[in-house]
Amino acid sequence: MELEFVGAAREVTGSCHILRVAGKTVVLDCGMFQGRRSDSHEKNLRLPVPIEQIDAVVLSHAHIDHAGRLPFLVRHGYDGPISCTPATRDLCAVMLADSAHIQEKDAEFLARRGKEPVEPLYALRHSTRTIELMTGIPYRRAFDVVPGVRATFIDAGHILGSATVVLDCTEGGTTRRLVFSGDIGRSGLPIIRDPETPEDADLVVMESTYGNRTHESVEGARARLAAVIRDTASRGGRVLIPAFAVGRTQELVYDLHVLARAGAIPAIPIYIDSPLAIDTTSVFEMHPDIFDRGEELVQKVHDLFRFNLVHYTRDVEESKALARMHGPMVIIAASGMVESGRILHHLAQGASDPRNTVLIVGFQAEHTLGRRIVERRPLLRIFGDDVPLRAEVVIINGYSAHADRTELSSWIDRVREHSPRLRQVWLVHGEPPAQGELATTLSVKGLAVGCPAPRERHDF
Ligand SMILES: [Zn+2]
Ligand SMILES: [Zn+2]
């Protein structure tokens, strides 16, 4: 039995690992590499393993750095099963179609600028076929991936439908339990249940994104969100929130719903200005069975994402009309890192008004407009114009969907408590500084820890 690390090895994106058991080959995740276009495009063009060798694919969750290259496998002829949870399949239907669309737009944009054309990795038809190959399997129901590999999904508590994958691998009469953590979530996230603990693991492949960072608490984030809205409304300004349409937007709407019911925010209109967010919200509404039943709002309210203050704007004319409105309001729009999308129009119009607030709730990568806002640069370049940044800038880190260093450490403690045979942990999905710190923490606990490089192979 062998494990080969292909992507998200000593880096965060491109999650992909290959499992070889009893002559069969299983691909765990096939995510997109993200970052600087030139390096990542080349990595994205490389198939993780020859297509004819792949017997099955298992997907941990719908984020594009985990699922984003599945249509690329399909484009190159993959026509076998892809197993994931039902919510992951439905989120992928929205996200992989969007991914194909974005790639097409990027290619057109570069061509218009006379730059070196970048061919899209795949087209919409490949995304559509990918969804047809997906089988949705609920949590805690064991299924056969290939002869010799039986898998069970448990809730990773990261995003809707996210899974930790427990894989029982049998070869030559020996069975070993491999746990692939997927991305590990946090306790107390809105809507999403807390991460479940896998049991009886022999070895663990574990994410390490924030192995060296501490987040503010989820409750702290909600209280600060309320304060920002109260302050901005009292100045007569707008709160502009760039947010990822999938997941983050629904969490914000949910928290705003909690705050509105508690009378903690003034009754000002909240506009969700994103067609993708509208589609994603309907996916959430299809899966109430996996919401966190421990939360009061989930218990008491049927329509979590629709209440009197919230308005969803799908078409462009409605979106443009927001610019002509007066009075305080909240606008949530994509993209999360302010690279594209409707948030740019709202910032072009609103960033120069000191009554307004730009509220940053997600990670802002280098070389993005979002990062320039975080750095409070005096001028923002939007649609070729310099827009002075006079609005207040507030940053809330507590909405991260990833466990921080303390939560990762307590996750592995819980796993060990229920896994007497566990010795080996492979760290993936983290940059070297984060991996280094987490590796030290885990070694002190007596575990053998490795941070595999791309293409490293290990028997187990
Ligand atoms: Zn993720
Ligand atoms: Zn990830």
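Colleague: Which residue coordinates both the zinc ion (ligand 1) and the zinc ion (ligand 2)?

Modeller: This is a predicted model. In it the two zinc ions, ligand 1 and ligand 2, are 3.4 Å apart. The residue that coordinates both is Asp183.

Colleague: What arrangement do the four donor atoms make around the zinc ion (ligand 1)?

Modeller: The donors are His61 (NE2), His63 (ND1), His158 (NE2) and Asp183 (OD), at 2.2 to 2.3 Å. A tetrahedral call needs all angles between 85 and 135 degrees. Here the angles run from 92 to 163°, so the arrangement is irregular.

Colleague: What spacing do the donors of the zinc ion (ligand 1) follow along the chain?

Modeller: The donor set includes His63 and His158. Both of these histidines are buried. Along the chain, the donors of the zinc ion (ligand 1) are spaced H-x1-H-x94-H-x24-D.

Colleague: Is Asp144 buried or exposed?

Modeller: Asp144 forms a salt bridge with Arg150, at 2.9 Å from N to O. Arg150 is partly exposed, at 37% relative accessible area. Exposed means over 50%. Asp144 has 56%, so Asp144 is exposed.

Colleague: How many residues apart in sequence are the parts that Arg405 and Glu437 tie together?

Modeller: Arg405 and Glu437 form a salt bridge, with their closest N and O atoms 2.8 Å apart. Arg405 sits in helix H13 (residues 405-417), Glu437 in helix H14 (residues 432-444). The pair therefore ties together parts separated in sequence by 32 residues.

Definitions and conventions:
Residues are numbered from 1 along each chain as its sequence is written. Chains are lettered from A and ligands numbered from 1 in the order in which they are written. This is a predicted model: local features need pLDDT of at least 70, side-chain atom pairs count only at pLDDT 80 or more; totals for chains, interfaces and linings use all residues. Side-chain values use heavy atoms; hydrogens and water are left out. Donors are N, O and S atoms within 2.8 Å of the metal (3.2 Å for Na, K and Ca); water is not among the atoms, so sites may look incomplete. Four donors count as tetrahedral if all angles lie between 85 and 135 degrees; four count as square planar and six as octahedral if opposite donors are over 155 degrees apart and all others between 65 and 115; anything else is irregular. Buried means under 20% relative accessible area, exposed over 50%, partly exposed in between (1.4 Å probe, protein chains only). A salt bridge is a side-chain nitrogen of Lys or Arg within 4 Å of a carboxyl oxygen of Asp or Glu. Helices (H or I, at least four residues) and strands (E, at least two) are DSSP runs, numbered from the N terminus.
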